[in-house]
Structures are given as C-alpha cells and as structure tokens.
Amino acid sequence: MADIQTDELAPENMSPGRTLAVARAGRGLSVDDVAQRLKFSTRQIEALEADDHAALPGPVFVRGMMRGYAKLLGLDAVSLVGDLQR
C-alpha cells in the first residue's frame, strides 16, 4: 500500500494544482504566504491547487497564475502550463 501512495506522489502522476500544493507545503509556505507574494486572493490559490479552474476568470488567467506560482516555487513553469492542456 505504501507503494501506491509513493506512486501517486510521483510528479508525473500529479495534476498541476496538486504539484503546486505539494511543492508549496514542502517549502513550508502557507496558502496565505503564496497569495500575498503573488498578489492573489487565498480563494484563488486554493482553486488553482484544487484544479478548480471554473472558479477562476478564464484559461489565460489560469495559465498566468500557474506560471507565476511555479516560478515562485522554483518549478518548471513551461511543463506545468503544458500539463494544463492535457
């Protein structure tokens, strides 16, 4: 059973939002910390991490947020944004 959990947390098996949430938590940042740094609301950050794109203004906005969030965490923004389209 531990193997399943490990496999689920492998980057290639996680959604873009989940990848951001895991990376944020791994860096010891709260949703509030990220929201302040990116100048977005906590609700928007939570929606992005939950892959709830319908709660956000539109695809262009989601891609821009994803890029900014990925850069803040030191992740590959191009890869994460590309994963949105799959």
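This text leads the reader through a predicted model, from its confidence to one helix and then to a pair of packed helices. Residues are numbered from 1 along each chain as its sequence is written. In this predicted model, local features need pLDDT of at least 70 and side-chain atom pairs count only at pLDDT 80 or more, while totals for chains, interfaces and linings use all residues; side-chain values use heavy atoms, without hydrogens and water.

The pLDDT, the predictor's confidence in each residue from 0 to 100, averages 87 over the chain, and 85% of the residues score at least 70. Helices are DSSP runs (H or I, at least four residues), numbered from the N terminus. Over residues 1-9 the pLDDT is below 50. Where pLDDT is low, the predicted coordinates should not be read in detail.

Helix α3 spans residues 31-38, and its Val31, Val34, Ala35 and Leu38 are buried (under 20% relative accessible area, 1.4 Å probe, protein chains only). These residues lie on the same side of α3 because they cover an arc of only 100 degrees around the axis, taken from the directions from the helix axis to the C-beta atoms. On the other side, Gln36 and Arg37 are exposed (over 50%). The cover of the buried residues includes α2 (16-26), α4 (42-49) and α5 (59-73).

Helix α2 also packs with helix α6 (residues 77-84), at an angle of about 145 degrees and with the axes 9 Å apart. Axes are lines fitted to C-alpha atoms over the stretch in contact, and angles run from 0 to 180 degrees between N-to-C directions. Pro16, Thr19 and Leu20 in α2 meet Leu80, Asp83 and Leu84 in α6, contact being heavy atoms within 4.5 Å.

How values were computed: Helices (H or I, at least four residues) and strands (E, at least two) are DSSP runs, numbered from the N terminus.
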